[in-house]
Amino acid sequence: MHNKTLVELSKALQKGEYSSVELTHHFLDRIKKYDVNINSFITVTDDEALTAAKAADQIIANGDAGLLTGIPLAHKDIFCTHGVKTSCGSKMLDNFIAPYNATVVEKCQAAGMVMLGKTNMDEFAMGSSNETSFYGPVKNPWDIETVPGGSSGGSAAAVAARLAPIATGTDTGGSIRQPAALCGITGLKPTYGRVSRYGMIAFASSLDQAGPMGRSAEDVAHLLNVMSGFDERDSTSLDVPSDDYTANLNDNLAGLKIGLPKEYFAEGLDANVGKALESAIKEFEQAGASLHEISLPNTHLAVPIYYIIAPAECSSNLSRFDGVRFGYRCENPTDLNDLYTRSRGEGFGAEVKRRIMIGAYALSAGYYDAYYLKAQQIRRLISQDFSEAFKQVDVILGPTSPTTAFKIGEKLDDPLTMYLSDIYTIAVNMAGLPAMSIPAGLVEQRPVGLQLIGNYLKEAQLLNVAHQYQQVTDWHKTVPQNFV
Amino acid sequence: MAWEVVIGLEIHAQLATKSKIFSGASTAYGADPNTQACAVDLALPGVLPVLNEGVVEMAAKFGLAIGATVASRSVFARKNYFYPDLPKGYQISQFELPIVGKGQLNIEFDGEEKTIGITRAHLEEDAGKSLHEDFQGSTGIDLNRAGTPLLEIVSEPDMRSSKEAVAYMKKIHSLVRYLDICDGNMQEGSFRCDANVSVRPVGQEEFGTRAELKNLNSFRFVERAINLEVERQIDVIESGGKVVQETRLYDADKNETRSMRSKEEANDYRYFPDPDLLPLIIEPEFLEQVKAKLPELPDEKKQRFMQEYGLSLYDAAVLTSNRELAGFFEETVKLSGSDAKLCVNWVMGDLSALLNKENLDITESKVSAPQFAAMLHRISDNTISGKIAKTVFEAMWAGEGDADKIIEQKGLKQVTDSGAIEKLIDDVIANNPKQLEQYRAGKEKLFGFFVGQVMKISKGKANPAQLNELLKNKLS
């Protein structure tokens, strides 16, 4: 059951080959058996899952089922789930039971999906290796000595290890795509505003975007159909109707113009990753697409300005964690200042504190113009790079990450090197564009991710391109050997 | 040395929306603590603000009313600081690009008009309330008020005395109630202000160093706090010291101001545009719609009252300071068909006196405008005298019915029959021979004595003009 696509599972459920309860049990059993090795879940909600599965079976029996009714999924622990711990990977929220559902969670529930649990993540989504989680690092199912990427590393690992058929993630600078690449799965970051941010714990509000993480473009398209749409509770949500993201999957690629940014194939890209991409590019050529070298000249500025804008926003977004109303509170505070400094000092991990401090500095009087304002100006230049490029090509193709999965501990004490693992993904968030990562090879049994970047609201086109590639390759079907 | 006082005010007017500025929770006053604070107001993880459209219209109304530009694009910013009653750790406000730009307002002061500049007005959310008293050794937090919409109205430093500042504050108070955008209730904190106060030697152009007086929630406190602060600053300078830039708190119980924090201790608020809210765009069509809905404003009404009814600046200003009072006056004039001067005297005299005495608003008057007009009509048509009218008015106030009924029942109708008045005069003269003799001997002020006697036996009902005329003839 755990290697079937969502469509196959759905058909089986509706034909009565097995029930949602059986399917749910199957995944819960796998989680029990395998997750001790990879630590991809923070919370497993057995009881709630089985109750939801029973309800789904009833809906199926009544003939009212939708395509995803009864299908299990895992939510990144950044989405508020009513009555269930929502930790955001932090000690700060270790005791936080959300009193409401995020819009994304609500929509999945309304579609009849069954939540298996909440997946591990870098603390407050700040990290590229899942090592900053209060709940310990997630391990990459392909090699448990290596990281799964981050921050949605739990979701990526769970899907790769077949502990969940599909999962949700969030992406602020690459947090869906980079772990998808490192774990050999398919992940999509939609256009900013396509999926509601309501109930998704904010890291950097102007960059955060939720999206689906699954094994194939087709699966991801089905979940995006459920997740996306306007939400009046999120003022930055786009009031534009969603597409049917499965409708164009089978369009052929003849005439498609693919841009290859020269800056993405330059120094810094691992040679073996580069080779894997070359063979992938040939597949696209064979499918009738044309290749065009393009330039995104401000690429090198994306990481530096990200580490101004994202920390600036997070320094403010995380002020609400003050030990007053919810979350961690230090013991026996002597006065208000002590309550603040110790609750926050003890509740947040090192990376979160580092970013809050960088952000507060960048926003402070006398520095604001030089840092924050300048970064916003450069952000516009980066957006312009893309709009120029999309005058020439339909989609942009490149690596998702400069390397395959690296060893746990390898970069943890070297934040600058760690930050560079997002060098190809960050610019997309700056511009608010949709992009995805699909598996495109293995280097020493570690997956390589290929990134596709689309123009605004062109998710359906990206999924079409990815799906066509997955029709002629098997990388997305390859299972890490210990999780077959 | 002679000193000049310089004052600018920052007025916080709570906008009269039913729900909060960024959430659906109720803004009603007086609920049990924390019963009107939803997930957004509590700043739970993951929640997002959504702007209440009502506040945009209200702010736009205000902008139009002070002749300001209403910005086609304004931006909400985060003002970051930690305080337990500030749940998000930042207040959503407007910083660089406020919704209302430069405008102005005329105040009436010492019988003259003066124009006060308004720098800007911006939208923001209120914080919650910290309750220090009822919790031994800790602080209670009530977040009912958190997220209540405020319009902060910032004036230019154009006022030169505490009385002028109060006149300006009263004018804004009147304006926001005219516009129906704020209930103006100062006890509940719906209308309060901070005052920036400095002094400089008369003739000096440069401003002195200012102190900011916080949270003045009554007109009386504004006047007192400013006076105290002016005295303090002059004392400091005259004894060789320097005024430091600081925030001071007015303590109404002790009637003193004391330092809260100096400029050095001031927070760095790390303002930046709130990424959860898009820039607020106002289309010209929207402004046209708002403009069409604007009521006649106090200054327009004041001018019209002066022209149409021949009122003095003072009378017109007082009557138009309150939209309902102005309405009562106009209705009275129209219905009574009487001289406007008579109406204004009665509205500002006896009616206002009774309202004040019983601490009632004009909307709570026990005599309605039509009833009031009917009584004034009886003065104009000589059915009763002004003096008798006071008796009638008091009876009406006591709920004894309409003017005509009271006049009838109490037999208060004025005697205008010359024969009847003459007869009364004859009686009085006959009964007071001594006084008649003295009067005729030249003691003319006894004329009043005869008038009084006639009035007494007529129980006040003799028509005063006729009585004077007839009495003069009789006595000569």
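Q: Hi! How many salt bridges does the rule find across the interface of chain A and chain B?
A: One. The side chains of Arg197(A) and Asp276(B) meet in a salt bridge, N to O at 3.1 Å. The rule asks for a side-chain nitrogen of Lys or Arg within 4 Å of a carboxyl oxygen of Asp or Glu. A word on the source: this is a predicted model, where local features need pLDDT of at least 70 and side-chain atom pairs count only at pLDDT 80 or more, while totals for chains, interfaces and linings use all residues. Residues are numbered from 1 along each chain as its sequence is written, chains are lettered from A and ligands numbered from 1 in the order in which they are written, and side-chain values use heavy atoms, with hydrogens and water left out.

Q: What area is buried between chain A and chain B?
A: About 2700 Å², with carbon and sulfur atoms giving 59% of that area. Buried area here is the accessible area (1.4 Å probe) that two parts lose on being put together, summed over both. In chain A, Ser235(A), Arg320(A) and Arg325(A) lose the most area to chain B, together 22% of what that side buries.

Q: And how many residues does the contact take from each chain?
A: Chain A gives 38 residues and chain B gives 29 residues, where contact means heavy atoms within 4.5 Å.

Q: Switching topic: which residue forms a salt bridge with Arg446(A)?
A: Asp143(A), with the closest N and O atoms 3.3 Å apart. Arg446(A) lies in strand 11 (residues 446-454) of chain A and Asp143(A) in the loop between strand 3 (114-119) and helix 5 (153-160), so the pair ties together parts that are 303 residues apart in sequence. Helices (H or I, at least four residues) and strands (E, at least two) are DSSP runs, numbered from the N terminus.

Q: Is Arg446(A) buried or exposed?
A: Arg446(A) counts as buried, at 17% relative accessibility. The cut-offs are under 20% relative accessible area for buried, over 50% for exposed and partly exposed in between (1.4 Å probe, protein chains only).

Q: Now strand 5 of chain B: which side chains point to the buried face?
A: Gly103(B), Leu105(B), Ile107(B) and Phe109(B).

Q: How do strand 5 and strand 6 of chain B pair?
A: In the antiparallel sense, over seven bridges; pairing needs at least two bridges found by DSSP. The two strands form a hairpin with two residues between them, and Asp110(B) in the turn has a positive phi of about 50 degrees.
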